[in-house]
Structure formats: C-alpha cells, structure tokens
Amino acid sequence: MSKVDLLAFDIETLPNIVSTFRLFKANIRQESIIEYTSMFCAAWQVCDHMGKPKSGIQSASIIDKPGFEKDIYNDYHVVKALRDAMLSADMYLFQNGRKFDLRIFNTRALYHGLDPVPQK
C-alpha cells in the first residue's frame with residue numbers, strides 16, 4: 001500500500017443573519033439574508049495512512065487577524081489556511097464533511113475568488 005497523507009479537519013461557522021417576521025417554519029427568501037454564514041475557525045492535523053498523527057494540530061481563526069471585530073464575517077484568512085492544508089493532502093477525514101464542512105468551505109472559497117478543493 002502506498003503512503004498517503006490524511007487531513008483530519010473540522011470547521012466552525014457563524015450563523016446566517018436574516019430579517020424575518022416568523023420564528024417557526026419560516027421560508028426565508030434570499031433577499032432577507034443580511035449576512036451569509038462564514039467560517040470563524042478551522043482546525044486540522046496531518047496523519048499517515050493508518051491515522052497516526054504526522055504533525056501537531058494546527059488551526060486558523062478570525063481572531064488571528066488584528067481588527068477582526070470590524071468584520072467578524074471576513075473569513076478569508078481561515079479559508080486560505082485550511083485550503084492550503086487541504087491541497088497538500090491525499091485524503092480527508094471528517095465528521096459530516098460531505099454534507100456540511102466541504103459545502104460550506106467550497107462556498108466560502110468561491111466567495112473569496114479561490115478555486116474549490118477537489119473531492120478526495
């Protein structure tokens with residue numbers, strides 16, 4: 001078996017901010033979205049093909065950038081750091097990644113003008 005690098009990662013997001021009159025069973029139109037979700041932090045670790053860590057846990061957060069409180073939804077730093085790690089990996093390891101993490105991540109990458117990462 002060839003040696004591969006796994007990237008175990010997780011993201012945390014901020015909520016969408018919307019304008020709505022309804023609290024339950026609300027059908028929210030795109031025009032009602034004030035601010036779309038963004039990634040406020042991500043953490044990852046490179047592991048070998050058996051899942052044994054090859055590096056320490058690394059992370060990126062919006063608070064890493066001075067002045068982040070002026071726009072807490074600006075997640076470029078987080079997206080770029082995680083994207084660089086993802087591009088160097090052969091495979092991804094995550095919980096609920098296909099249904100959530102990768103979708104949010106690729107959406108935010110496109111928002112910032114970055115290419116989405118390939119499915120691995």
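**Salt bridges and helix packing in a predicted model**

The count of salt bridges comes to four, each being a side-chain nitrogen of Lys or Arg within 4 Å of a carboxyl oxygen of Asp or Glu. This is a predicted model, in which local features need pLDDT of at least 70 and side-chain atom pairs count only at pLDDT 80 or more, while totals for chains, interfaces and linings use all residues. Residues are numbered from 1 along each chain as its sequence is written, and side-chain values use heavy atoms, with hydrogens and water left out.

**Overall layout**

- The chain has two helices and six strands. Helices (H or I, at least four residues) and strands (E, at least two) are DSSP runs, numbered from the N terminus.
- From the N terminus on, the order of elements is β-β-β-β-β-α-β-α.
- The C-alpha trace spans about 55 × 35 × 25 Å along its principal axes.
- Of the 120 residues in the chain, 32% are buried. Buried means under 20% relative accessible area, exposed means over 50%, and partly exposed lies in between (1.4 Å probe, protein chains only).
- Take the contacts between residues at least 6 apart in sequence: 61% of them join residues at least 24 apart. Contact means heavy atoms within 4.5 Å.

**Salt bridges**

- D75 pairs with R108, and their closest N and O atoms are 2.8 Å apart. D75 sits in the loop between β5 (58–61) and α1, and R108 sits in helix α2, so this pair ties together parts that are 33 residues apart in sequence.
- R29 forms a salt bridge with E31, with 2.9 Å between the closest N and O atoms. R29 is exposed at 54% relative accessibility, and E31 is exposed at 62%.
- D84 bridges to K80, with the closest N and O atoms 3.0 Å apart. The two lie four residues apart in helix α1, a separation of about one helical turn.
- D84 is partly exposed at 38%. K80 is partly exposed at 30%.

**Helix pair α1 and α2**

- Two packed helices are described by the angle between their axes and the distance between the axes.
- Helix α1 (residues 76–87) packs on helix α2 (residues 97–111) at an angle of about 115°, and the axes are 10 Å apart. This makes α1 roughly perpendicular to α2.
- Axes are lines fitted to C-alpha atoms, for helices over the stretch in contact, and angles run from 0 to 180 degrees between N-to-C directions. Angles of 65 to 115 degrees count as roughly perpendicular, under 35 as roughly parallel, over 145 as roughly antiparallel, and the rest as oblique.
- The crossing of α1 and α2 is left-handed. That term applies if the near helix is turned anticlockwise from the far one by less than a right angle; clockwise gives right-handed.
- On the α1 side, V79, L82, R83 and M86 make the contact; on the α2 side, L102, F105, R108 and A109 do.
- Those contact residues divide into six nonpolar, no polar and two charged. Ala, Val, Leu, Ile, Met, Phe, Trp, Tyr, Cys and Pro count as nonpolar, Asp, Glu, Lys and Arg as charged, and the others, Gly among them, as polar.

**Buried side of α2**

- The buried residues of α2 are G97, D101, L102, I104, F105, N106, R108 and A109.
- They pack against β1 (6–14), β4 (38–47), α1 and β6 (91–93).

**M39**

- M39 lies in strand β4. M39 is buried, at 0% relative accessible area.
- Leaving out residues up to four places away in sequence, M39 touches I11, E12, T13, I62, D75, V78, V79, L82, I104, F105 and R108.
- M39 and L14 are 25 residues apart in sequence, yet their C-alpha atoms are 6.2 Å apart.

**Positive phi angles**

- K25 is not a glycine, but its phi is positive, near 50°. K25 is placed in the loop between β2 (17–18) and β3 (33–35) and is exposed at 79% relative accessibility.
- N96, also not a glycine, has a positive phi of about 60°. N96 is in the loop between β6 and α2 and is partly exposed at 44%.
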